[in-house]
Amino acid sequence: MFGLPGFTVLVMTVIPLFWIIYTAGFYFMTRDWANADEED
Amino acid sequence: MNIAVAFLIIYFLAMILIGIWAMKKSGNDSEDFLLAGRSLGPAVTALRLQSSSMSGYMFAGAGSLGYSSGYFGMWYALGDLGGGVLNLSIIGRRMRKLTKILGSISSIEYLENRYQSSAVRMVASILALGGLFLYLMSQFIAGGAGLASVTGISFDIALVIAVAVIVSYTFLGGYLAVAYTDFVQAIIMLIGMVWILIATLQAVGGLTAGHQQIEAINPNLLTMFGADLEYQNQWGLIIGALLIFSIGYMGWPHVVVSHMAMKKPSVSRMAGVYSTAFNLLFIPAPYLVGLLALIVVPNLAAPEQAIFEVAKTVLPSFAVGIVMAAVMAAIMSTADALLLQASTIASRDLVGRFFLKEVSENTLVKVSRITVLVMALGGLTMALLQPPSVLFLATFAATVLGAAFAPAYICAVWWRKANKVGALASMLVGSSVSVVWKLGDLGAVTGLDPMLIGIVCSTVAMIVGSLLTQKSHPVSAHILDAIDSAASVTSTRSTRDVKEDIDLSAQMPEGG
């Protein structure tokens with residue numbers, strides 16, 4: 001793909017995908033964080 | 001006057017105007033000057049965090065790495081992609097809450113309050129001041145060199161101009177000015193870099209065609225292991241490359257202070273999303289442009305110039321000015337954060353804490369401002385002498401700061417048993433090991449990156465030091481309560497109100 005070796009494509013796909021999933025997971029798993037803002 | 005210089009003048013004036021605006025908007029107390037009154041929302045928090053951690057390295061170092069090592073450089077980029085969200089998700093909310101509970105205004109004062117030790121503050125101040133000052137100096141030199149290359153004026157004069165602009169808005173507006181200028185600078189950096197990438201891809205006929213041309217030059221450049229496959233099976237160095245800009249950020253005092261300035265603890269949620277979006281768009285681009293520069297501008301004597309030379313070749317002349325403004329933005333947004341943080345540490349964490357204890361808040365702000373000037377003049381003087389290797393200074397400082405402080409900041413909010421002995425051991429061991437590893441070039445001998453070995457040793461020192469001294473140096477109940485409160489995601493006020501309602505209802509007369 002894009003003229004790159006398979007391992008390079010794998011690494012360049014998997015790690016950014018991991019960060020995207022991590023960010024989405026972080027955002028959705030922390031919906032209740034705003035509850036504690038009021039006491040600040 | 002050429003168009004690039006005109007762009008730079010407009011850019012410099014805009015930064016100073018933001019400083020004047022911030023000065024009028026800010027109050028006179030330390031929390032206003034040093035933390036913008038804890039008023040910043042997710043977009044400013046995210047972009048300030050990212051731009052202050054991305055120095056001129058992104059234009060010079062990353063391009064050079066792509067040019068000389070090909071896709072191996074992407075290991076650094078791949079770690080960097082998650083650096084912001086990792087920082088915000090692991091320590092962002094908890095650090096914001098804990099610093100507020102403990103009344104900490106600087107990231108070093110926070111360490112004293114959390115670990116309940118003035119020795120922690122003294123050691124942390126000295127280590128941080130040394131690292132930040134070296135880093136600051138390297139950014140001053142990079143700023144002067146960049147300005148000199150665009151304008152054609154001498155390096156010395158360019159350096160003085162670059163430092164004067166940075167100092168003026170930092171001196172005027174404190175953290176608020178730094179945060180908003182960093183926000184604007186992050187957008188300029190993004191526009192400049194995306195513009196170069198698109199123009200470069202057009203010039204080489206697209207990504208696939210570009211890769212095919214690189215393959216004809218040296219197919220190893222398309223692997224993840226270097227131009228001569230020298231990093232094949234060198235997983236210690238590869239993991240270090242992934243860690244330096246992901247976990248390492250959590251130890252940089254000028255970066256983690258972003259958490260303390262958030263309007264609310266939950267700001268870190270959206271800031272994490274903005275941070276990853278910015279990184280995905282920005283970070284891989286300089287490495288890729290550096291690689292494709294082999295086609296556009298082959299046989300460069302100085303690979304650090306790869307992105308600048310590509311920009312001059314593939315962009316129209318007016319766009320070169322914007323790109324140069326982006327380069328200056330990358331340098332200045334890091335330099336202002338370093339300057340403010342270093343001056344805060346010098347004035348508040350050393351002078352105000354250990355030498356001038358009985359002073360008012362207003363006096364401390366004045367001391368901070370004076371220290372900004374003193375630090376800038378010191379950095380300027382040393383930069384004019386031109387230390388032998390700027391890039392070495394910058395990476396040296398970044399590695400030592402990360403290794404020294406990352407476990408101390410992470411354990412402060414996540415590990416109730418982390419105590420002052422563990423924190424002191426962690427900072428001293430982490431900094432010493434990374435300094436020895438870096439200066440002794442032990443990475444080449446052992447295959448282990450200085451950041452990797454530094455953070456591992458620092459973490460082990462924190463764990464062993466804390467566990468061995470739990471009886472002699474227990475963490476106080478007050479701090480344990482504060483950590484629990486910082487960790488909590490339920491409103492204790494709501495719980496208290498409910499309890500009070502129950503108590504009151506119990507006092508009501510029967511049948512009432």
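Q: A crossing is left-handed when the near helix is turned anticlockwise from the far one by less than a right angle, and right-handed when it is turned clockwise. In which sense does H1(A) pass H13(B)?

A: H1(A) passes H13(B) in a left-handed crossing. This is a predicted model, in which local features need pLDDT of at least 70 and side-chain atom pairs pLDDT 80 or more, while totals for chains, interfaces and linings use all residues. Residues are numbered from 1 along each chain as its sequence is written, and chains are lettered from A and ligands numbered from 1 in the order in which they are written.

Q: At what angle do the axes of H1(A) and H13(B) cross?

A: Two packed helices are described by the angle between their axes and the distance between the axes. The axes are lines fitted to C-alpha atoms, for helices over the stretch in contact, and angles run from 0 to 180 degrees between N-to-C directions. Here the axes of H1(A) and H13(B) cross at roughly 165 degrees and come within 9 Å. H1(A) is therefore roughly antiparallel to H13(B) (over 145 degrees; under 35 is roughly parallel, 65 to 115 roughly perpendicular, the rest oblique).

Q: Which residues in H1(A) and H13(B) meet?

A: From H1(A) come A:Pro16, A:Trp19, A:Ile20, A:Thr23, A:Phe26 and A:Tyr27, and from H13(B) come B:Arg269, B:Gly272, B:Val273, B:Thr276 and B:Leu280. By class, this contact of H1(A) with H13(B) has 7 nonpolar, 3 polar and 1 charged residues. Ala, Val, Leu, Ile, Met, Phe, Trp, Tyr, Cys and Pro count as nonpolar, Asp, Glu, Lys and Arg as charged, and the others, Gly among them, as polar. Contact means C-beta atoms, placed from the backbone, within 7 Å.

Q: How do H1(A) and H5(B) pack?

A: Helix H1 of chain A (residues 6-29) and H5(B) pack at about 15 degrees, with their axes 9 Å apart, and are therefore roughly parallel to each other. Their crossing is right-handed. A:Met12, A:Ile15, A:Pro16 and A:Trp19 meet B:Met74, B:Leu78 and B:Leu81. That contact of H1(A) with H5(B) has 7 nonpolar, no polar and no charged residues. Helices (H or I, at least four residues) and strands (E, at least two) are DSSP runs, numbered from the N terminus.

Q: How many residues of chain B are in contact with chain A?

A: 31 residues of chain B contact 26 residues of chain A. On the chain B side, H5 (74-81), H6 (83-102), H10 (207-217), H13 (267-282) and H23 (492-507) each supply at least two residues. The residues on that side of chain B divide into 12 nonpolar, 13 polar and 6 charged. Chain A has 1 helix and 0 strands, and its C-alpha trace spans about 55 × 15 × 10 Å along its principal axes.

Q: Is B:Asn113 buried or exposed?

A: A residue is buried with 20 or more other C-beta atoms within 10 Å of its own, exposed with 12 or fewer, and partly exposed in between. B:Asn113 has 20, so it is buried. B:Asn113 lies in helix H7 (residues 107-115) of chain B.

Q: What is the phi of B:Asn233?

A: Most residues other than glycine have a negative phi. B:Asn233 has a positive phi of about 65 degrees although it is not a glycine. B:Asn233 sits in the loop between H10 and helix H11 (235-244) of chain B and is exposed, with 10 other C-beta atoms within 10 Å.

Conventions:
Contact = placed C-beta atoms within 7 Å.
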